[in-house]
Amino acid sequence: MVDVADKLAYFQAITGLEDPEICTEILSAHGWDLERAVSSFTSTTSESSASAAADDGGGDVHLDPAMRQMLERSEPQQNAAPPPSFAWKIITLPISVISGSLGLVSGAIGLGLWAAGGILSYSLGVIGLGSGSGRNGESSARLVSVSAATSEAVDFVSAFERDFGTTRPNFVGEGFMDSLQRSRNAFKLLFVYLHSPDHPDTPLFCERTLCSETVAAFVNENFVSWGGSIRASEGFKMSNSLKASRYPFCAVVMAATNQRIALLQQVEGPKTAEEMLVILQRVLEESSPVLVSARLDAEERRNNMRLREEQDAAYRAALEADQARERQRREEQERLEREAAEAERKRKEEEEARERAVREAAEREAALARMRQEKAMSLGAEPEKGPNVTQVLVRFPTGERKERRFHSTASIKTLYDFVDSLGCLDIDSYNLVSNFPRVVYGTEKLSMSLKEAGLHPQASLFVELTS
């Protein structure tokens, strides 16, 4: 929201009143509503002009005395001002004069839109978001607020070109504040022309001076141009702001600090093309250092900004490179750690497998030793030679021979227990076989006695591995 100081500055710029106390009283009387205050002042000023015209022509238009006194207090030559309480009473009196001009009514409405649009546009321009820096992305609020001022500007340009041709200053089809911001962004002065259609000097001035090829070319090359009719809301308001007293009226302005307008030159009354060129050339020469300095400052800011952006880009690139290297180093370290962990895991698994194999081998060996011992014990003592004793010779695949005596009533399984108890075989899958005739003493004959199997009184067997 626009603060009190900004509202006061805008009210002074729009109305042309220089006394801050009177401006403060007027704004206070209207609840600091800038649109209402400007509309009230504009309507009152219009009635004052109409009254003066009526007095010259024998008319019978009258102003409210209280409002006339308030206007007289606003003149620069009046030094003494009535007490604020009296001014308050004057401002709060109802304005009884009703304007019969439809143009003034529409002008008051358009002025409200212009004021809001001008404030928003200029404020956005100060922070770099105005018409000069955001042409391609203007906000919806701005499009609504300046529509009246823009429409008036476009209508003026069309009417001026229709009446005086295409050789003319290139008036921009924008409101005054937008045009001022455009000139500021272009580092140029703003050439202002207030058009009074009813003034007798206007047609000749426009045809011979303003629309001459030399003046038009000079203005178009060195200035941003804005024009407005005093019949329209914004043109009438600018005539008050610039205190135009004679027509044709031209001015050269530029944007100043604190949201104010710097008036560099006023050209009032008819002027020849040569006189206009001399005036404009002089103003341009006097203002050239300021414009050059502003352009250099802006260029320096752009260069500094570009340098900062380049430095930021280089920093970001270096940072990204460092981050990439760090990420690569971390990934490589993680890979090595994973590989080391995997190798350690495999080593432990292999070591555990070896230990398990050794343990299982030891367990098997112990179990085999127990089995051999148990089977050796189950054989009992070897009997002495006798008629009921069978002599058995066992030959192993390695060529080793083992011989023992058994009772003839002992079973074939006893022979297997004997072979197992010796520990000469690494496997337990084998058969005892006789050659002549070839007989395999397998599992189906384990329960037969030696005598029943035909091995008594002596037998020669060999071990035949089955797997």
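## Strand S7

Tyr430, Leu432 and Ser434 of S7 point one way, Asn431 and Val433 point the other way, and all are buried. In a regular strand the side chains alternate between the two faces of the sheet. The model described here is predicted. Strand S7 covers residues 430–434 and is mostly covered, with five of its five residues buried. Burial here means under 20% relative accessible area.

## Partners of S7

S7 has an antiparallel pairing with strand S9 (residues 458–465), made through four bridges. In this pairing, tyrosine 430 stands opposite leucine 465 of S9.

S7 also pairs with strand S8 (residues 439–441), again antiparallel, through three bridges. Here valine 433 has valine 440 of S8 as its bridge partner. S7 and S8 form a hairpin, and four residues lie between them.

## The four-stranded sheet

Another part of the model holds an open sheet of four strands, ordered S2-S1-S3-S4, with mixed pairing. Its edge strands are S2 (223–229) and S4 (261–268), each of which pairs on one side only. On average, neighbouring strands of this sheet are turned by 25° against each other, direction ignored.

One of the residue pairs is valine 253 with leucine 263, the latter being the bridge partner in S4.

## Helices on the sheet

Helix H9 (residues 176–186) lies across S1 (189–195), S2, S3 and S4, and runs at about 150° to S1. Helix H10 (residues 202–210) also packs on the sheet, where it touches S1 and S3. The direction of H10 likewise makes about 150° with that of S1.

Which residues of H9 are buried? They are Phe176, Met177, Asp178, Ser179, Leu180, Gln181 and Ser183. The list includes Asp178 and Gln181 as well as Phe176 and Leu180. The helix that carries these residues lies across each of the strands S1, S2, S3 and S4.

Just after H9 comes phenylalanine 187, which takes a positive phi of about 55°. Strand S1, to which H9 runs at about 150°, spans 189–195.

Definitions and conventions
Residues are numbered from 1 along each chain as its sequence is written. This is a predicted model: local features need pLDDT of at least 70, side-chain atom pairs count only at pLDDT 80 or more; totals for chains, interfaces and linings use all residues. Side-chain values use heavy atoms; hydrogens and water are left out. Two strands pair if DSSP finds at least two bridges between them. Helices (H or I, at least four residues) and strands (E, at least two) are DSSP runs, numbered from the N terminus. Axes are lines fitted to C-alpha atoms, for helices over the stretch in contact, and angles run from 0 to 180 degrees between N-to-C directions. Contact means heavy atoms within 4.5 Å. Buried means under 20% relative accessible area, exposed over 50%, partly exposed in between (1.4 Å probe, protein chains only).
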